[in-house]
Structures are given as structure tokens and as C-alpha cells.
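Here is a friendly walk through one protein chain, from its overall make-up down to a single residue. Please have a look at the sequence and the structure first.

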Amino acid sequence: MAIALLRVRAPKQKGADAKMAVTLDLTISIGTILQTAVIAGGGVAAIVTLRNTVKTLKDQLKADGEDNKEEFKAIREQTGAQFAGVQSELKKMSEILIKQALVEERILNLDRRVTSQGRQIDELRRGEGFIRSHRSAVDGEYGA
């Protein structure tokens, strides 16, 4: 493995004849080799770490997905049971409301009858209604 370094050397002569010379340095030092090895090792370590991290995340997501499925199933069953309970309570409430409406209607009908009976009693007290004329005695009212 050869690493080439380009160096630009300043001309030794000054003036119009001075030319810039480009030279190629083909020396490899231990520092350069160590630096290259450390960079390559760091790259490999980064790739391995990323690979393991991705694998761990994938496993965690898979485990969480299975846990979530079980949790969602339990929530769905619990919600279904609660919904069934709410439905039965609503049915009971509707029956109670129907019975209450019937009782209210009966009370209104009873109120109408009591009012009608009260009116008839008032008419009888004033002498109107079934009695047509005023009698001074009870004689003759009943058959003998």
C-alpha cells in the first residue's frame, strides 16, 4: 500500500527563470498507517454498533407490538362488557320511564275524575243537579 503525497517546492532561483516544481513524495510513515487503521476500525465499529442498535430496536418493536395486541384485546373485551352493561342499564331506564309515564297518565285521569266529582258535589250542594226542586220534608221520596 503506497500513499503518494504531492508537494510543491518553492524555486531555488529567484527571478524570471524561476519555475515552480511539483514533486511526488512516496513515503509511508507508521503514523499514517496507524491513522488509517484507527479510522478504518472506527468505521467498522460504527457500522457494527448501528447494526446492533437497529436489530435491538426491531426486536423491541416486535415485542411491543405483541404486548400491544394483547393489551388492545383486553381493552376491547373490557369495553365490550362495559358497553353491554350500559345497554342493559339503558333498557332498564327506558322501562322505568315508560312506567313513570303510565303512572303520570293515570294520575291525570284520576285528577280529572276527582275534579268532575267535586263539580257534581258543588252542584248538589247548591241545589242543582239531581234534585230538581226544594222539598221541605223527606216524605214521599221513598216508595212505601
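What you see is a predicted model. The chain contains one helix and two strands, and along the sequence these elements follow the pattern β-β-α. Some values for the whole chain are gathered here.

| Property of the chain | Value |
|---|---|
| Residues that count as buried | 1% of 144 residues |
| Contacts joining residues at least 24 apart, among those between residues at least 6 apart in sequence | 18% |
| Accessible surface | about 13800 Å² |
| Share of that surface belonging to carbon and sulfur atoms | 60% |

Asp64, Glu66, Asp67, Glu70 and Glu71 together form a negative surface patch. One of these residues, Asp64, lies in helix α1, which spans residues 30–126.

Is Asp64 buried, partly exposed or exposed? Asp64 counts as partly exposed because its relative accessibility is 41%, and partly exposed covers the range between under 20% for buried and over 50% for exposed.

Technical notes:
Residues numbered from 1 in each chain as written. Predicted model: local features only at pLDDT ≥ 70, side-chain atom pairs only at ≥ 80, totals over all residues. Heavy atoms only, no water. Patch = residues over 30% accessible without salt bridge, like charges linked within 9 Å, V, L, I, M, F, W, Y side chains within 5 Å. Areas by Shrake-Rupley, 256 points an atom, 1.4 Å probe, with all protein chains shown as cover. Salt bridge = Lys/Arg side-chain N within 4 Å of Asp/Glu carboxyl O. Lys, Arg positive; Asp, Glu negative; His and termini not counted. Charge placed at Lys NZ, Arg CZ, Asp CG, Glu CD. Helix = DSSP H or I, 4+ residues; strand = E, 2+ residues; numbered from the N terminus. Buried < 20%, exposed > 50% of the residue type's maximum accessible area, 1.4 Å probe, protein only. Contact = heavy atoms within 4.5 Å.
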